[in-house]
Amino acid sequence: MKQRIKQFLKAITAKIVLEDEEFLNKYLKDQRLKGLFRQLPVFEQRHSLDVAYTILEKYSQVLDDNEKNLLIKGALLHDVGKIGTGLNPLTKSLAVVIDKLFPQIAKKLTFIKFIDGYYNHPIKGGQILKKYDLPPDVIYLVENHHKNSKNHYGHSGKLLKILMDCDDLN
Ligand SMILES: [Fe+2]
Ligand SMILES: [Fe+2]
């Protein structure tokens with residue numbers, strides 16, 4: 001609960017600074033992708049940037065340049081499926097609470113837009129990103145970032161575990 005309150009406060013005070021802009025220009029060179037990222041609510045932009053920064057802080061040593069590039073793109077774009085789903089700090093908190101208290105019922109409520117966004121944003125994100133020229137690994141990361149990482153193997157599985165770890169920390 002304490003963690004949720006902290007996350008809520010962080011969300012309502014979130015902002016993007018110049019340093020973040022420079023980071024976005026470096027990793028989302030395609031202006032259309034940057035435009036897509038900017039359609040996320042500010043608190044989700046902040047979250048995605050923080051996930052990317054945590055990856056660099058925690059895992060730089062074990063990643064080569066190509067892996068870093070894939071993972072940072074994946075981190076910045078992993079929640080784009082939330083665009084237009086009505087998820088904001090309040091509805092997101094509500095979805096988390098309903099999911100915790102009544103998981104079975106909650107999963108049947110996907111006719112409510114923000115609940116649908118809460119559960120199905122990885123698949124929605126993958127569908128959006130397939131229209132862009134992105135490496136398949138990035139799409140894989142986005143589509144699978146809430147699935148149990150134990151079932152994912154090989155190179156993309158390794159990248160997915162890192163993304164999920166850093167997503168959890170933010
Ligand atoms: Fe997510
Ligand atoms: Fe996330």
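**Helix pairs and core**

Begin by selecting Arg4, Phe8, Ala11 and Ile12 in α1, which meet Pro89, Ser93 and Val96 in α6. By class, this contact of α1 with α6 comprises 5 nonpolar, 1 polar and 1 charged residues. The model in view is a predicted one.

Move on to helix α8, residues 113–129, and α9. The axes of α8 and α9 lie 7 Å apart, at an angle of about 155°, so this pair too is roughly antiparallel. To see the contact, select Pro122, Ile123, Gly125, Gly126 and Leu129 of α8 together with Val138, Ile139, Val142, Glu143 and Asn144 of α9. The residues of this contact divide into 6 nonpolar, 3 polar and 1 charged.

Finally, turn to the largest nonpolar core, which has 27 residues. Which of its residues touch the most other members? Select Phe37, Ile55, Leu71, Ala75 and Leu163 to see them. The elements giving two or more residues to this core are α2 (18–27), α3 (31–38), α4 (42–59), α5 (65–77), α9 (136–144) and α10 (154–168).

Centre the view on Leu71: leaving aside residues up to four places away in sequence, Leu71 touches Ile55, Leu63, Leu159, Ile162 and Leu163.

Key:
Residues numbered from 1 in each chain as written. Chains lettered and ligands numbered in written order. Predicted model: local features only at pLDDT ≥ 70, side-chain atom pairs only at ≥ 80, totals over all residues. Core = buried A, V, L, I, M, F, W, Y, C linked by C-beta atoms within 7 Å. Buried ≥ 20, exposed ≤ 12 C-beta atoms within 10 Å, placed from the backbone. Helix = DSSP H or I, 4+ residues; strand = E, 2+ residues; numbered from the N terminus. Contact = placed C-beta atoms within 7 Å. Axes fitted to C-alpha atoms, helices over the stretch in contact; angles between N-to-C directions. Parallel < 35°, antiparallel > 145°, perpendicular 65-115°, else oblique. Nonpolar A, V, L, I, M, F, W, Y, C, P; charged D, E, K, R; others polar.
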